[in-house]
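Please read them with the structure open.

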Amino acid sequence: MGRILRLSRWTSKAFAGALVVGGVAFSHSARAQEEPPDPAAPTPAVQLDVGLRAVTSVNGTTSYGGSKPLGRIDFSDTYAYARGRTPLFSPNDRAGALLAITFPDEYYEPGTLLVAEANAFYESKWLTVRVGRGRNRSLIFPLPTLRDDDLIRWSDVQNPFSSGKSTADHQFVNTADVTIWPTPRLFADVHVENLPNFILRPDALGAFAINSYGTTVGYRQIPALARTSIVRKIGMGVNVYRLDLPSQDFGFDALAGAWMNLVPDPVHGVDWRLQAIYNRGTPSLILQTVNDTFRAEQASIVSSLGYSYRREMLPTFRANLVGAYKRYVRDGIDQYSIVANGFYALGATTEIGVQYQFRSRPRIPESFGDSVASSIKLAFVIALDTTTNRIFDERDSLLNTESGYLP
Amino acid sequence: MGSMPMPLARSGDSMPATKAGMVMAHPAPLPRGAPPVGSVLYKKFSLELKVVQHEILPGYVVHMMAYNGQVPAPTIRVNEGDWVWVDFTNASDEMHTIHWHGLILDYRHDGVPYVTQDPIMRGQTYSYVFQAKPYGTHFYHCHFGTSLHMQAGMYGAFIVERAADPIREKFPYTQDYVYVLSSIDPISVQEQMNAMFARMRQRDVLMKRGALDLRTQNRFADLKALVKAVAKGYVPPYLRSRTSPRLPEPTFFLMNGRAAPATEPIRVKEGEWTRIRFINAGNVWHSLHMHGHDFQHVCSDGSPLPAPVRGNTLILAPGKTEDIVLLADNPGFWAVHDHDVTRTVNNGVYPGGAVTHIEYEGFNGTYTPSISLDE
C-alpha cells in the first residue's frame with residue numbers, strides 16, 4: 001500500500017496528537033540520536049504553524065447505470081498539518097519542516113491515514129527548495145470544488161502508474177524541487193518526482209525511483225492583492241516521465257492555466273479559471289483497465305466561474321459553477337462533469353454548503369463504474385489555522401513585496 | 001535601505017523651516033485667531049510619511065512608518081509665540097494624522113481622527129496651523145491607529161523655546177539633548193502593517209466605485225448607531241469571531257530609534273551644564289538611572305517644576321516628557337540605563353535596549369567602554 005497507513009482508531013488519534021507537537025519534537029529527536037543537548041548551544045526561535053481542516057458531508061449518489069442510490073457520510077480530504085520554520089545564520093534565509101496527514105478518499109476505511117506531506121524546505125527571497133513528500137507540481141491552482149479530488153480526472157495530470165485505488169496517487173509524490181522567484185510574483189521551478197508506481201514496478205525499489213522530471217513557470221499575484229487584481233495566477237508546465245516499456249521509454253504531459261478576477265471587487269467578486277492538460281501517455285493504448293485511463297493519450301479542459309459575496313469584507317457567501325471535459329484521443333471517448341456549489345459562511349473559518357455534481361463517462365467499460373451519475377453533498381467544512389511564536393514575514397507579503405524584502 | 005541613524009537632536013540639529021508653502025490638497029480651516037497668510041511670517045515645515053526599512057541594531061532591520069524617512073521624526077524647534085504651519089503629506093497606503101502632544105491649539109488642528117478631523121488619505125496633504133505654546137518639551141505623533149503607528153515610528157520631538165529660558169537662567173547649559181524613548185514588538189508591527197495595508201487596498205477599490213459604506217469601515221455616527229447595528233447583525237472587529245486576542249509584547253526598547261549598543265552617547269564637557277529632554281513615545285514605563293552623577297529634574301510635560309528636584313533615577317511614564325540638567329563634574333564613562341532591566345534587552349538578550357552612557361569630551365581613562373552583546 002505504499003504510504004497509505006492503516007491505523008486503528010486509537011492509533012489515529014495518537015498520531016494526530018503527535019502531529020501537533022511534531023514540529024517541536026522533530027529537531028530535538030534528530031539531535032538526540034547523536035548526543036545529549038548542549039545547554040550552551042544556540043536556541044533559535046521556531047515559528048510553528050498548525051492547522052486542521054475538517055471536510056465533512058452527507059452524500060447522496062444516483063447512478064443511471066442500474067446501481068441503487070447510495071447515501072454516505074464522507075470525511076475524506078480532512079487534513080491536519082504542522083509546519084515549523086526557523087531562521088538560519090544567514091539573515092535572509094530560513095528552513096523548515098512540514099508534516100501533514102489526510103484521509104485520502106471517500107471509500108477508505110476510518111483509521112486510514114495518508115502521509116500527504118513530509119518534507120524539509122529552504123526559503124529565501126529568490127529561492128525555495130523542497131525535498132521530501134508533498135503536493136506535486138502538476139497543478140496550477142485549485143478548483144472551487146468541495147474536495148480537491150472531486151474533478152481529479154480533469155483537474156490534475158494523471159499519474160500513469162496509479163492503480164486507481166486512491167486519488168492521492170495523482171496528488172502527492174516524493175519530490176525534490178527548486179523554485180526561483182526573479183520577482184515576488186514570477187516563478188520558475190524545476191522538479192524531479194517519484195510518481196508512485198505499483199503497476200509497472202511492483203518491486204519496492206522500483207516503485208520509489210525518480211521517474212518524472214518537469215518544470216513550471218508562472219505569475220502569481222501576492223495573497224494581499226489576490227481579490228483586487230485582474231490576474232490571480234497564470235502558469236504553464238511540462239513533465240516528462242519514464243515508462244521504461246519495451247515500446248516506449250518516456251511519456252510527457254503539458255498543462256497551462258489562468259485564474260482571473262472578472263470583477264476584482266472585495267465585496268462582490270467574480271472570478272474565472274481555465275486550465276488545460278494534454279497527456280501524451282501511450283498513444284497506442286486501448287482502454288481496457290482503470291490504469292489505462294491514466295496512461296492513455298488524453299486531453300482535458302476545466303473551467304469555473306465563481307461569485308463571492310463578502311459583506312463588510314467578511315466571508316459571507318460564495319457560489320461556483322465548474323465544467324470539465326476530457327477526451328481520450330485513441331478511443332475517441334469523451335468524459336465530462338459539471339459541478340455547482342454554494343457555501344454560506346457561519347464564521348470566518350466555518351462554512352455550510354451544498355454541491356451538486358453530474359458526471360458522464362459514456363462508452364467506458366462497466367468495470368470502471370457507472371458511466372453516468374449525479375451526486376449531491378451537504379457539506380460542513382471547518383478550516384482552522386494558527387501560528388505560534390510568529391517570527392517571520394512571508395516572502396510574498398505586501399510589505400516585503402512593495403517596501404523591500406525583509407525575512 | 002534603512003533610514004539613517006538618528007542624528008543627535010541638539011539645538012543645532014533641529015528641522016529647518018521650509019521656505020515656501022504647499023498647495024493644500026485637503027484644506028483645513030485656519031485656527032481661531034490665526035493671522036491672515038502673508039501678514040506674519042509663518043514658520044513652515046513639511047513632513048511626509050512613508051514606509052522605510054529602519055535598522056534598530058546592526059543586522060536587525062524592520063519596516064517602519066517614518067516622517068521624512070526618519071525614526072524618530074525630525075525634531076522641530078520653534079520659539080514661543082511663533083505661528084507654525086506644517087504641511088503633512090501622506091505617501092503611504094494607510095491613513096494618518098498628526099497630534100501635537102502638549103501644545104495648546106485650535107481643536108481642529110489637534111489631529112485626532114473622527115474627533116477633530118477626518119484622517120488623511122494616501123496622497124493628501126493636510127496643513128496644521130497653530131501658535132507655538134506653551135514653552136517646553138513636547139512631541140508629535142500619529143493619532144490614527146495609534147497603538148500600531150506609534151510603535152511603528154511615527155513620533156518626533158517638538159520643542160518650544162523661549163528667549164528668556166527659565167531653565168538656562170538657573171542652569172546655564174551649553175548642550176541640549178533630546179532622547180525619544182519607545183518600545184516595539186517588531187513581529188506585531190509587521191503583522192499589523194501587512195493586514196492594515198491589505199485592508200486599505202481593498203477599501204480603495206470600494207471607494208473608487210463609491211461603495212465604501214460606513215459599516216465596512218467599522219465607523220458609526222454615534223454609540224446609538226453602533227448598538228443598533230450590532231442588534232441587526234453587524235460583527236464588531238473586537239469580537240473573538242474576528243480577532244485572536246493579542247497585545248503587542250515589546251521586545252526592543254529604543255532611544256532615538258535605536259537600541260543599545262547602537263544608541264548615541266551623551267557627550268558632555270567637564271564643568272558645563274547639559275540639558276537632556278526625555279520623551280516617552282512608547283507604551284511602557286521607564287525608570288532611567290544615571291551613574292556617577294545627580295541630576296536636577298527641572299521640567300515635566302514641558303512645564304518648569306516649582307523647584308528643581310535632585311536625583312539619579314527618573315520615572316518616565318508613557319506620554320510624558322521630563323527634562324533634566326546635568327553638571328559634568330565627574331569625568332569618566334558613566335552608564336545611563338533603564339533600571340527596569342526587562343527594558344535593557346534586545347529580543348530578550350541582555351544587555352541592550354534603553355541604555356546609553358555619558359562620555360566626557362577629551363577624557364582619557366585607563367579603562368574605556370567596549371561592547372558586549374550577551375552576558
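The points below go from domains to contacts, cores and one hairpin.

1. Basis. This is a predicted model, in which local features need pLDDT of at least 70, side-chain atom pairs count only at pLDDT 80 or more, and totals for chains, interfaces and linings use all residues. Residues are numbered from 1 along each chain as its sequence is written, while chains are lettered from A and ligands numbered from 1 in the order in which they are written.

2. Domains of chain B. Chain B is divided into domain 1 (2-163), domain 2 (187-231) and domain 3 (250-360); such bounds come from an automatic or database domain assignment. Taken over C-alpha atoms, the centres of domain 1 and domain 3 of chain B are 24 Å apart.

3. Domain 1 against domain 3. Their contact takes 22 residues from domain 1 of chain B and 18 residues from domain 3 of chain B (two residues are in contact if their C-beta atoms, placed from the backbone, lie within 7 Å). On the domain 1 side, S2, strand S8 (136-141) and strand S9 (155-161) of chain B give two or more residues each; strands (E, at least two residues) and helices (H or I, at least four) are DSSP runs, numbered from the N terminus. S8(B) has the largest share of that side, five residues. By class, that side has 15 nonpolar, seven polar and no charged residues. Here Ala, Val, Leu, Ile, Met, Phe, Trp, Tyr, Cys and Pro count as nonpolar, Asp, Glu, Lys and Arg as charged, and the others, Gly among them, as polar.

4. Chain B against chain A. In this interface, 23 residues of chain B are in contact with 23 residues of chain A. Strand S2 (43-57), strand S3 (60-67) and helix H3 (186-208) of chain B each supply at least two residues of the chain B side. H3(B) provides the largest share, 11 residues. The chain B side is made up of 11 nonpolar, eight polar and four charged residues.

5. Core. Val180(B) and Leu181(B) have the most contacts inside the largest nonpolar core, which has 91 residues. A nonpolar core is a set of buried Ala, Val, Leu, Ile, Met, Phe, Trp, Tyr and Cys residues joined through C-beta atoms within 7 Å, buried meaning that 20 or more other C-beta atoms lie within 10 Å of a residue's own. Strand S10 (residues 173-184) of chain B gives this core its largest share, seven residues.

6. Cys299(B) stands opposite Pro304(B). Two residues lie between the strands, and Asp301(B) takes a positive phi near 55°.

Terms used: Two strands pair if DSSP finds at least two bridges between them. A residue is buried if 20 or more other C-beta atoms lie within 10 Å of its own, exposed if 12 or fewer, and partly exposed in between; C-beta atoms are placed from the backbone.
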